[in-house]
Amino acid sequence: MAFAEKLLFVPPPIEVSGYHVKRYHVTADPAGIASEVEKAAYAVLPELLPEPDGTPPAAFVVLHSVLHSVLHRGGDDGAYINAYTWAWDNALHYGNAVAGQPVLGCPDRDPTHFIRPERPLIGCVWELPPILHERDAWVRHMLAPDHPDLDAYLADTLPEGTTGDRR
């Protein structure tokens, strides 16, 4: 099957472990990510966030579910949560968890059984678009102004739509 972009949903930010967390959901399903997958992914999120280091407490996550999708290579039932936390004022800390993907060490195909993978993969082509946007938003609202504006950063997200074709 030829490559196709996936749908991008942008739920409101949440607070987890003292961090303000912007959220991006990626799926081929127009109904969005299954609630049981979302619940399980966010239950593991605190384990993916580092101890605060004095940088404004902001992070963003990309939750990707390929459940019911044949667009992902291999047509797997996996779910992935990638957490990117701002650290040292201008760098990203990365943590991730995966469920339902035996190739990455999951013990089963259950898309709600998240584990920490050993492979240092930072995201697939559908999960990467938020990284560029978040880099630019961080510079725009936190680094370039005389006075950082965390609220403006948190409000600045990619629009919902697809993961690509944003020229």
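## Helix H2

In H2 (residues 129–143 of this predicted model), the buried residues are Pro130, Ile131, His133, Glu134, Ala137, Trp138, His141 and Met142; buried means under 20% relative accessible area, exposed over 50% and partly exposed in between, with a 1.4 Å probe and protein chains only. Seen down the axis of H2, these residues fall within an arc of 160°, so they line one face of the helix; the arc is that of the directions from the helix axis to the C-beta atoms. An α-helix has 3.6 residues a turn, so residues three or four places apart point the same way.

The buried residues of H2 pack against E3, E4, E5 and helix H3 (150–155), where contact means heavy atoms within 4.5 Å. H2 has 15 residues, and its first and last C-alpha atoms are 21 Å apart, close to the 21 Å expected at 1.5 Å a residue; the expected span is 1.5 Å times one less than the number of residues.

Eight of the eight residues of strand E4 (residues 58–65) are buried, so the strand is largely enclosed by the rest of the structure. Ala58, Phe60, Val62 and His64 cover one side, while Ala59, Val61, Leu63 and Ser65 lie on the other, and all are buried. In a regular strand the side chains alternate between the two faces of the sheet.

E4 pairs with strand E3 (residues 19–27) in the parallel sense over seven bridges; pairing requires at least two DSSP bridges between two strands. Val21 stands opposite Ala59 in E4. With strand E5 (residues 79–87), E4 runs antiparallel, joined by seven bridges, and Tyr84 in E5 is the bridge partner of Phe60. E3, helix H1 (residues 35–48) and E4 make a left-handed β-α-β unit; a crossover is right-handed if, with the strands pointing away from the viewer, the path from the first strand over the helix to the second runs clockwise.

## Overall fold

The protein has three helices and eight strands, taken as DSSP runs (helices H or I, at least four residues; strands E, at least two) numbered from the N terminus. Their order along the sequence is β-β-β-α-β-β-β-β-α-α-β. The radius of gyration, taken over C-alpha atoms, is 16 Å, close to the 15 Å that the globule rule gives for 167 residues, so the protein is as compact as a globular protein of that length. The globule rule is 2.2 Å times the number of residues to the power 0.38.

Of the 167 residues, 46% count as buried.

## Basis of the values

Residues are numbered from 1 along each chain as its sequence is written, and side-chain values use heavy atoms, leaving out hydrogens and water. In this predicted model, local features need pLDDT of at least 70 and side-chain atom pairs count only at pLDDT 80 or more, whereas totals for chains, interfaces and linings use all residues.
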